[in-house]
Amino acid sequence: MNPMAEADVDAAIAALSLPDGALVLETGCGGAELLLRILEAHPGARGVGVDPDPFALARARAAAAARVPGREPQLVKARAEDAAAAPGAADLVVNVASSHAHGGFPAALDALAALTRPDGGLVLLGEGFWTRPPAPDYLEALGGADADELPLGLDALLDAARAAGLRPLDVRVAADADWAAYEEGLAAEAERHDDDAARAYARRIRERRALPDGATTMGFALLTLHRTDPT
C-alpha cells in the first residue's frame, strides 16, 4: 500500500545491514508484506508486527505460515502506542505509509527513533512529502487534509529525520509513473466492488489526479535511516 516501485523496495531491503538474530519491528504493519519480505531476505532475523486491524493480521498469519514456516513473526493486535514495545530494543523498525500509527509527521520520527537500538539501529521509513505547496482544492480533494501534515520538499523530510537523530543512509523516491500505477490500481480495485462508497472513492481519486498539478503535488520517499544522537 505505497507507490514505491517493487525494484526499489526489494533493493532497499536487500541492502539492510542486520546482525544475526536481528529483531525487526514493523508498526502499522497491516498484512505485514514488508516484514515478511525482510524476513525472507534476511534468514537470521526475527520479526514482530503491530497493527489494530484483526483482518489484516489474519492475512499476515496465513502468508507467514506459507512463506517463512518456522520463523513466523509475532503479530500483535494493538495500536502502536499500546503495544508495549521495548524502547531501544529493535535492530530495525519499519514504518511505511503508516506514520499515522505514531501521530503522523513529524511526531512519528521521534517515536520510531526511540524504538530503535541506540548503537546503530535502523529505521526503514516510507513517508510522503509535498513537491510544491498544495492548493486548497487539492487538500479538499484529499478529504480535507492540512498542508502541515507533510513536509514541503524531500529536503525538509530528511532534515526532520536528522533532527530526530536519524541519519539518512539510502533515499529512494517514487517516480510519477509509480504514483500513477499505484493510484489507478487503488481506483480499479475499488471499482471491482458493487458498492456506492467504493465507486465514490475511485471517482475521488481520478478527480483529484485531474486537478492542476493533481498528479504531482505529493511525493513519496523510502528512507533507510541510522539512529544517531539528535542534533
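Me: Quick one on helix H2 and helix H3: is the crossing right-handed or left-handed?
Reply: H2 passes H3 in a right-handed crossing, where right-handed means that the near helix is turned clockwise from the far one by less than a right angle, and left-handed means that it is turned anticlockwise. This is a predicted model, in which local features need pLDDT of at least 70 and side-chain atom pairs count only at pLDDT 80 or more, while totals for chains, interfaces and linings use all residues. Residues are numbered from 1 along each chain as its sequence is written, and side-chain values use heavy atoms, with hydrogens and water left out.

Me: At what angle do the axes of H2 and H3 cross?
Reply: The axes of H2 (residues 33–41) and H3 (residues 54–67) cross at roughly 15° and come within 10 Å. The axes are lines fitted to C-alpha atoms, for helices over the stretch in contact, and the angles run from 0 to 180 degrees between N-to-C directions. H2 and H3 are therefore roughly parallel, given that angles under 35 degrees count as roughly parallel, over 145 as roughly antiparallel, 65 to 115 as roughly perpendicular and the rest as oblique. Helices (H or I, at least four residues) and strands (E, at least two) are DSSP runs, numbered from the N terminus.

Me: And which residues make the contact?
Reply: On H2 they are Glu-33, Leu-36, Arg-37 and Glu-40, and on H3 they are Ala-60, Ala-63, Ala-64 and Arg-67, with contact meaning heavy atoms within 4.5 Å. The residues of this contact of H2 with H3 comprise 4 nonpolar, no polar and 4 charged; here Ala, Val, Leu, Ile, Met, Phe, Trp, Tyr, Cys and Pro count as nonpolar, Asp, Glu, Lys and Arg as charged, and the others, Gly among them, as polar.

Me: How does helix H1 pack on H2?
Reply: H1 (residues 6–14) and H2 pack at an angle of about 50° with their axes 10 Å apart, which makes H1 oblique to H2. H1 passes H2 in a right-handed crossing, and the contact brings Glu-6, Val-9, Asp-10 and Ile-13 of H1 to Leu-34, Arg-37, Ile-38 and Ala-41 of H2. Sorted by type, the residues of the contact of H1 with H2 are 5 nonpolar, no polar and 3 charged.

Me: Switching to aromatics, how many pairs are there?
Reply: Rings of Phe, Tyr and Trp (its six-membered ring) pair if their centres lie within 6.5 Å, and planes under 30 degrees apart count as stacked, over 60 as edge-to-face and the rest as tilted. By this rule there are 2 aromatic pairs. One joins Trp-130 and Tyr-138, whose ring centres are 6.2 Å apart with the planes at 80°, so the pair is edge-to-face.

Me: Is Trp-130 buried or exposed?
Reply: Trp-130 is buried, at a relative accessible area of 3%, and Tyr-138 is buried with a value of 3%; buried means under 20% relative accessible area, exposed over 50% and partly exposed in between (1.4 Å probe, protein chains only). Trp-179 and Tyr-182 also form an edge-to-face pair, at 6.1 Å centre to centre and 70° between the planes.

Me: Where do Trp-179 and Tyr-182 sit?
Reply: They are 3 residues apart in helix H7 (residues 176–191), so about one helical turn separates them, and both Trp-179 and Tyr-182 are buried.

Me: How do H7 and helix H8 cross?
Reply: Their axes come within 7 Å and cross at roughly 155°, with H8 covering residues 196–209, and H7 and H8 are therefore roughly antiparallel. The crossing of H7 and H8 is left-handed. Trp-179 takes part on the H7 side, where the contact residues also include Leu-186 and Ala-187, while those of H8 include Tyr-201 and Ile-205. The residues of the contact of H7 with H8 divide into 10 nonpolar, no polar and 6 charged.
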